[in-house]
Amino acid sequence: MSHLTMMEKRTFSLEEILKNNVILSSKDRKVRIYGLLNEGRKSDVSAYVESDSINGSFYSVKIEVEPEIKHLVYGSCTCESFEYHGNPCKHMLKLRNVFQKNLDKLYNKK
Ligand SMILES: [Zn+2]
C-alpha cells in the first residue's frame, strides 16, 4: 500500500457530503450538520464545513459542546490549521456558533 492511500482524507466534495442526510444547514450553506448525539449535558455534533478559500471543498468537523454554557469541550477538524496547531480552528468555532444558534430547531426535529 502506498503512503498516499494510507493518508486520511482531508477534504470532501459537495457530491461526497450529500451522501449523508443533513439535519441542518446554515443559511449560507457553509455548515451542514449531519450527526447529533446527546450525552448528559454534552452534545456531540458532526458536520461538514466549507473551506473559505476553496469553494465546494468541505472539511469534516466534529465537536463536543455543552450547549448551556456554550463551552467547546473537544473538537477535531480535517483542515491543515488544526493538524499543525492543534487548537480549535475557525471551522469548529463556526460549527459551534451554528449549533448554538439553532438549538431549538435541532432539538424540535428529534
Ligand atoms: Zn478546521
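The model is predicted: local features need pLDDT of at least 70 and side-chain atom pairs count only at pLDDT 80 or more, while totals for chains, interfaces and linings use all residues. Residues are numbered from 1 along each chain as its sequence is written.

**The chain as a whole**

Let's start with the outline. The chain holds 5 helices and 6 strands, where helices (H or I, at least four residues) and strands (E, at least two) are DSSP runs numbered from the N terminus. In sequence order, they form the pattern α-β-α-β-β-β-β-β-α-α-α. The C-alpha trace spans about 45 × 30 × 25 Å along its principal axes. For 110 residues, a compact globule would have a radius of gyration near 13 Å, and the chain agrees with its 14 Å; this radius is taken over C-alpha atoms, and the globule rule is 2.2 Å times the number of residues to the power 0.38.

Buried residues make up 22% of the 110 residues. A residue is buried if 20 or more other C-beta atoms lie within 10 Å of its own, exposed if 12 or fewer, and partly exposed in between, with C-beta atoms placed from the backbone.

**The nonpolar core**

What are the residues with the most contacts inside the largest nonpolar core? They are Val45, Ala47, Val49, Val61 and Leu95, in a core of 17 residues. Such a core is a set of buried Ala, Val, Leu, Ile, Met, Phe, Trp, Tyr and Cys residues joined through C-beta atoms within 7 Å.

S5 gives the most, with 5 residues. Val49 touches, among others, Phe58, Val61 and Leu95, not counting residues up to four places away in sequence; a contact means C-beta atoms, placed from the backbone, within 7 Å.

**Helix H4**

The buried residues of H4 are His91, Met92, Leu95, Arg96, Val98 and Phe99. They cover an arc of only 165° around the axis, so they sit on the same side of H4; the arc is that of the directions from the helix axis to the C-beta atoms. These buried residues pack against S3, S4, S5 and strand S6 (71-77).

**A loop residue**

Glu68 lies in the loop between S5 and S6. Glu68 is exposed, because 9 other C-beta atoms are within 10 Å. The C-alpha atoms of Glu68 and Arg41 are separated by 7.7 Å, although these residues are 27 apart along the chain.

Terms used:
Contact = placed C-beta atoms within 7 Å.
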